Structure formats: structure tokens, C-alpha cells
Amino acid sequence: QMDNAIYMEPTAGLVGTTIDLSVKMKNTLTPVGCSFMLTLPEGLRLVKDEDGDVIYTLGSRAKKMSLTMKDWNNGSYDFALTPSSGTATITGSDDVVVTFKVQIPDEMTAGDYKLRLTKCLIQSKADGVTKDYPQSDVVTTLMVEDYVMGDVNGDRNVTPSDAIMTLYHYFNVEQSGFNVKAADVNGDGNITPADAIEILYQYFGAGSQAGVKAVQQTQEPQ
């Protein structure tokens, strides 16, 4: 339902990994530029290259734009997209404008964190005059998890070994390193042979729609 909005969608990631974070725009205006401040949760920073510059990729909408940035060294970054030529515009109506990389540190606690876009502004030109159109602030969610659903042995891969461990757990066989939360793949609140089957489906790339979840699991197994 948004018009003329700069926004981010909820995203998820595992501790110790690098994820892509995309800023998008939906507009009825014809933008010649935009700007925003991105604020990350405490402990997160945008990934930089060896020269200390933030790593980013311009989306298909912004190929004719130049990106400038100020790092406030507190998890907040000011960005501005401006035309690289006098006639450049941000084409399209609903797509990625710019994508950044975010490192989720190993010591980060699993949970839901807030990502914020503030000072959002779209610039549009009509009859040779450029006007600023301030946008509403955006708050969305980064879901950080410390396990992969189905990876019950914690090696960050879902393999038949995980299915075997799940069966052992069902039959009350003692074993170390078993992640109970990752084992309830079908989300029914219990760990049964059905979860082991779902793990095998996931391994062979044929997981069921109901059973194979992505990163997050919110229901505690019984």
C-alpha cells in the first residue's frame, strides 16, 4: 500500500555469518536522487573493504546514480544517491536501490533486532525544478538465530547425520551436542521420525512446504 517510500523488508541471519541488507523504493514520483540514514542494532556494522570503504551494490534502479556515505561510527550511516549525469533518474517503481553486507558477530545473542531508516528523502524533478519529498521513518526486523533448522549437530549443514541423531533422540538414546530447537523441523512441537524424514527431504532438496523452515523457529519442542 506504500507510495513514494524508502523501506527495508524483514530479514534473517545466523550468528557468525554475513548477510545482504537491501534498501528498496516504491514510488509514483520519478526520482533523480534519494537519501536516508541507516541505523543498525548495537554490535552490527556494515562490512568494509581493505580501504575502509563500505561494500555495496547498486540495484538495477540506481545504475546511473553515485552513492556517497558518512559513517558516524555508532552503527548509523548517512547515504545519498545522486545522478551521475544531468539526465539520470532512478528507473522502475518497486525494486532494490542499494544492497549492503552486514556481519553478524559470533557473540551476538539470538533474537529480534530493529533496523531503522530515518531522514528518508526522495528528490524529483519537474519542469526543470528539483523538489524534496520527505518520507516517513521505517523500522523493520532483523531476526538473528544461532542455528539452522534441521542442523541438529551444529555443523551448519543439514545432512543424513542430522536425521539419524533425530531418530536417536526420539528413541531416548543419549548423545552430546543435540540441538533440540533445530530438530522440530515440521513445527508441531514434538520431535518424531517425521522430523527425521523432513531433514532428509531438506538434504535432497525436496522439503515439504509445511515442514522445511528457513532460519527462525519460534515454537519450543515438547
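Mentor: Let's start with rings: those of Phe, Tyr and Trp count as a pair if their centres lie within 6.5 Å. Keep in mind that this is a predicted model.

Trainee: Okay, how many aromatic pairs does a search of the whole structure find?

Mentor: The search turns up 5 aromatic pairs.

Trainee: And what describes a pair of aromatic rings?

Mentor: You need the distance of the centres and the angle of the planes. Take Tyr77 and Phe79: their centres are 6.2 Å apart and their planes sit at 25 degrees, so the pair is stacked, as planes under 30 degrees apart count that way.

Trainee: Are Tyr77 and Phe79 buried or exposed?

Mentor: Buried means under 20% relative accessible area. Tyr77 is buried because its relative accessibility is 0%, and Phe79 is buried because its value is 3%. Ring pairs also link these two with Phe36 and Phe100 into a cluster.

Trainee: Which residues have the most contacts inside the largest nonpolar core?

Mentor: That core has 38 residues, and the ones with the most contacts inside it are Ile6, Phe36, Leu38, Leu46, Phe100 and Leu117. Strands supplying at least two residues each include β4 (31–39) and β9 (94–103). Another core, of 13 residues, lies apart from it, with Met149 and Phe178 among them.

Trainee: What does Phe100 touch?

Mentor: Beyond its neighbours within four places in sequence, Phe100 is in contact with residues including Phe36, Leu38, Leu46 and Phe79.

Trainee: Which residues form the nonpolar patch on the surface?

Mentor: Ile164, Leu167, Tyr168, Tyr170, Phe171 and Val173 do, with about 570 Å² of accessible area together. Val173 is in the loop between α1 (160–170) and α2 (180–183), and is partly exposed, at 39% relative accessible area.

Technical notes:
Residues are numbered from 1 along each chain as its sequence is written. This is a predicted model: local features need pLDDT of at least 70, side-chain atom pairs count only at pLDDT 80 or more; totals for chains, interfaces and linings use all residues. Side-chain values use heavy atoms; hydrogens and water are left out. Patches are made of residues with over 30% relative accessible area and no salt bridge: like charges are joined within 9 Å, nonpolar side chains (Val, Leu, Ile, Met, Phe, Trp, Tyr) within 5 Å. Accessible areas come from the Shrake-Rupley method with a 1.4 Å probe; for residues, only the protein chains shown count as cover. A salt bridge is a side-chain nitrogen of Lys or Arg within 4 Å of a carboxyl oxygen of Asp or Glu. Helices (H or I, at least four residues) and strands (E, at least two) are DSSP runs, numbered from the N terminus. Buried means under 20% relative accessible area, exposed over 50%, partly exposed in between (1.4 Å probe, protein chains only). A nonpolar core is a set of buried Ala, Val, Leu, Ile, Met, Phe, Trp, Tyr and Cys residues joined through side-chain atoms within 4.5 Å. Contact means heavy atoms within 4.5 Å. Rings of Phe, Tyr and Trp (its six-membered ring) pair if their centres lie within 6.5 Å; planes under 30 degrees apart count as stacked, over 60 as edge-to-face and the rest as tilted.
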